[in-house]
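Student: I'm new to this one. Could you pick a single part and take me through it closely?

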Amino acid sequence: MITDKGRQELHGWFVGRLPESWFTELVEVSADREEITVIGRIPEPDLPPEASLTEYEAACEGRITEFRERTRAQRVEVAREAQIRFRRQLSWGARCGHSQEMFTHISAPVMTRLKQPERLVLDTLIAGGVARSRSDALAWCVRLVERHSDAWLADLRESLHEVERVRTKGPAPSTADGLEGSALEKSDK
């Protein structure tokens with residue numbers, strides 16, 4: 001899990017590194033062991049008041065596509081720098097109005113052992129057309145838990161922040177070379 005200090009370092013680096021003209025706000029800067037996700041809000045299109053919802057949504061999707069193409073080369077450079085600094089892949093997304101699109105993201109394999117009753121649940125989701133594979137079915141289950149357990153997951157994350165706060169009051173762990181790395185690097189050891 002990433003520490004509070006690591007989260008602050010990550011967010012601060014992107015606030016300082018990204019061109020100010022890209023986003024009206026950083027909606028999300030998050031990280032896990034494999035990936036950093038950066039999602040920013042881009043300006044909404046200026047449409048006349050009589051524009052329909054369909055026209056507005058299409059204009060937002062077009063605005064996201066324009067942003068994606070216009071910033072591609074610069075985003076690749078920022079991703080390269082971030083990967084060197086934070087040792088993780090960088091995934092980009094943009095939000096405009098109610099539309100959000102992820103441009104890049106990794107799909108990390110998760111190894112798990114499931115007993116037959118759990119495998120049967122996944123196979124039922126496949127047979128029912130909810131998922132194409134056991135991997136898709138498991139991802140669907142995780143999203144379902146996330147959606148319906150927001151308060152519980154928030155409490156759990158808060159308790160993990162408290163553990164990190166207490167841990168930082170203790171002696172600092174030393175590395176093999178006696179030097180301490182960034183908080184983000186230490187967070188996944």
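Tutor: Let's start with a term: a residue is buried under 20% relative accessible area, exposed over 50% and partly exposed in between, using a 1.4 Å probe and protein chains only. What you see is a predicted model, where local features need pLDDT of at least 70, side-chain atom pairs count only at pLDDT 80 or more, and totals for chains, interfaces and linings use all residues. Numbering runs from 1 along each chain as its sequence is written, and side-chain values use heavy atoms, without hydrogens or water.

Val130 sits in the loop between α3 (116-127) and α4 (134-148); helices (H or I, at least four residues) and strands (E, at least two) are DSSP runs, numbered from the N terminus.

Now for our close-up, strand β2, at residues 35-41. Because 6 of its 7 residues are buried, β2 is largely enclosed by the rest of the structure. Look at its partners (strands pair if DSSP finds at least two bridges between them). With β1 (residues 25-31), β2 pairs in the antiparallel sense over 6 bridges, and a hairpin of 3 residues links β1 to β2. Here Ile39 of β2 faces Glu28.

β2 also runs parallel to β3 (residues 89-96), joined by 7 bridges. Find Val38: its bridge partner in β3 is Trp92. To get from β2 to β3, the chain goes through helix α2 (residues 53-86), a right-handed β-α-β crossover (clockwise from first strand over helix to second, with the strands pointing away from the viewer).
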